[in-house]
Amino acid sequence: MTDNTSIDRRRFLKATGGTASAVAVAGCLGGGGEGDGTDTPEDTETEPMETATEQTTRETGEDRELLDKTFQLINATMSTLDPVAATDTASGSVIQNVFDALMNYPNGEIEVTNLLAADYEVSEDFTTYTFNIKEDAQFHNGDEVTAQDFVYSFERLAGSSNSRRAYFTTSYAMGITQEEDSDGNYVWGSLGVEAVDDKTFELSLDQPFASTLEMLAYTSFSAVPEGIVGDHGDYDGEMAYEDFARNNPIGAGPFVFESWETNTSCDIVRNEDYHGPVPHVAGVHWQVITDPDAAYNYGQNKNSDLVSMPTSQYDPSLISVEQTDSKGREIGTYGPMRNGETAQYLKYSTINSFYIGLNAKNVEAPARKAMAYAMDQQEGVDEVFKGRGAPAYHLTPPGIYPGQGPAYYDHAEQAYPYGYNTTDLESARQVMEDAGYGPNNQYEVTLTTYESDTWQGLGTILRDKLANAHVNLQLEEAPFSTLLNRGRNGNLAAYSLGWIMDWPAPDNFLGQVVPELTNTDQEGGAQGFYLDWDDSDTDAPQRASDAWDRISNNPAPTDEAQQIRNEAYIEMEEAMWDDMILLPAYHRADERFAYDWVDMPRVGAGGGSRQKLNNVYLNDRS
């Protein structure tokens, strides 16, 4: 969970004490309630699957009346409602429902479908995409959605001073054709986007990019009305930027923004003129609660329709799995809870990684390696996160690792140099003694976590072990937004963060550790994870950069290019191991706890923050 100026979201994911509030959680940078859990669901079904008709009704909400009820949720602190500026999950969860993009991950599934695009064509060389825009789509201000709106929106993403996702358009990701001036700034009007006519939008890439359609489902590529703000080089703007980003965000999504009170709440209401399924609920209310115990109490008092379940309150023995669906999602019940209610339970694997970042400028290499020798990932999952995840050894999650889960864990077991599911304090002591440290000369380093009992618990385990390896590890907590700001500017040593996919491919994760992007001294701070890996005096950063070049130079959606990328992905992972600038901790499996009056579609591997809420249905609350 970092909130880079250039890489993304939803990226940084905040793994607080495992708050599984179902919707508002995680994403790029993290920030909200999230659920930790095992990502190895059972393979068998214990009850008959629902019929195709039943699933269609549940997923689309067909034949259900519109309600006067508001869907009540919990969220973390939000930062902005501008799609090109948001980097945290809390903001992204709201943006996902107020704005629409060309493509969509339906219910957080990673298989993209059309949204504002009626249809599209791709050139034979995979560099030109032509989209036809839906005829009946309009913004919340009544304006029709046109191709010109997408040209403006994409140019804001590439060139606005407010954009923290410009990276998405460059050769580090999609590679949309564009020009820079002598200072490296985007040249307005140079982006490879064109309105062929009012309803035809053309996108040109410098070279193929295998995940183009997946990226276009990300909220940063959402449509906003042409000229709405003046942070585009050719527009004065119809409103002040702060009005748009905080008080009047205008999108084309299923809900219309109503209000946002910082650190308190946010409300959106049903868009009666939505081009897709009109929401059944009258609106969505997010109560901003950052303390896990307070969020738990709020849910137990039935103030939220989805139950927040921090790890400190989580009891695995209360889970009853009744069915495992075709996508490995476990469905059942959880309870009885403290309030006597039994909640609907859903457990689903998402594409995420949680880790301890180790800034190469601020933490000496021997100490970084000593921390890795001391860490037992399986112990952390079992003792701290109560089994709500799987041990992590790579930044790339198992679901998108080359060869997926089996290859992921085979490579880790065979090659991870710091001990697979074990603590090696002898090696930790030796690496510190070789660097001149000892009982009377301990190395001091601070581990900063966001406000989370679980991460502080993991830090305590590490601290106690490292005391026997000549490392004095100090623990501190910081508000999530404070941690991000400090990290971006290079004012952290060791720190807890996480990342959830922007698009389902390893380059989305590994693109954050390209050494030159992790430089916190550059203007605006680091664009990638806050590692200052470019300051390392080993050959590992160069090896990682060379591997990234091979990834970038072989972007086509072909088997041959994929094989080259797969080999380079693994080389980058091994370079990170060698320098230990990022210590993997665990991969979270999300859980949703819902009261029995809630009827909503199951969530896919993209996570709850990518789920639009127009198909939520609420029965009578008990």
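Angles under 35 degrees count as roughly parallel, over 145 as roughly antiparallel, 65 to 115 as roughly perpendicular and the rest as oblique. Keep that in mind for the pair of helices below.

Before we start, note that this is a predicted model, where local features need pLDDT of at least 70, side-chain atom pairs count only at pLDDT 80 or more, and totals for chains, interfaces and linings use all residues. Residues are numbered from 1 along each chain as its sequence is written, and side-chain values use heavy atoms, with hydrogens and water left out.

**Two helices side by side**

Helices (H or I, at least four residues) and strands (E, at least two) are DSSP runs, numbered from the N terminus. Take helix H14 (residues 540-552) and helix H15 (residues 559-579): their axes come within 8 Å and cross at roughly 165°. Here an axis is a line fitted to C-alpha atoms, for helices over the stretch in contact, and angles run from 0 to 180 degrees between N-to-C directions. H14 and H15 are therefore roughly antiparallel to each other.

Who meets whom? Contact means heavy atoms within 4.5 Å. On the H14 side, the residues include Ala 540, Ala 544, Trp 548 and Ile 551, and they meet an H15 group that includes Ile 564, Ala 568, Met 572 and Asp 579. By class, this contact of H14 with H15 has eleven nonpolar, no polar and seven charged residues. For those classes, Ala, Val, Leu, Ile, Met, Phe, Trp, Tyr, Cys and Pro count as nonpolar, Asp, Glu, Lys and Arg as charged, and the others, Gly among them, as polar.

**Glu 477 and its neighbours**

Glu 477 sits in strand S19 (residues 471-478). Leaving out residues up to four places away in sequence, Glu 477 touches Thr 449, Tyr 450, Glu 451, Ser 452 and Gln 456. Its side chain reaches the backbone nitrogen of Ser 452 at 2.9 Å. Glu 477 and Thr 448 are 29 residues apart in sequence, yet 5.5 Å apart in space, C-alpha to C-alpha.

Is Met 580 buried or exposed? At 0% relative accessibility, Met 580 counts as buried, whereas Phe 126 is partly exposed at 30%. Buried means under 20% relative accessible area, exposed over 50%, partly exposed in between (1.4 Å probe, protein chains only).

Finally, the peptide bond from Gly 335 to Pro 336 is cis, with omega near 5°.

How values were computed: A polar contact is a pair of N or O atoms within 3.5 Å; within protein, one must be able to donate a hydrogen and the other to accept it, and residues adjacent in sequence count only if both atoms are side-chain atoms.
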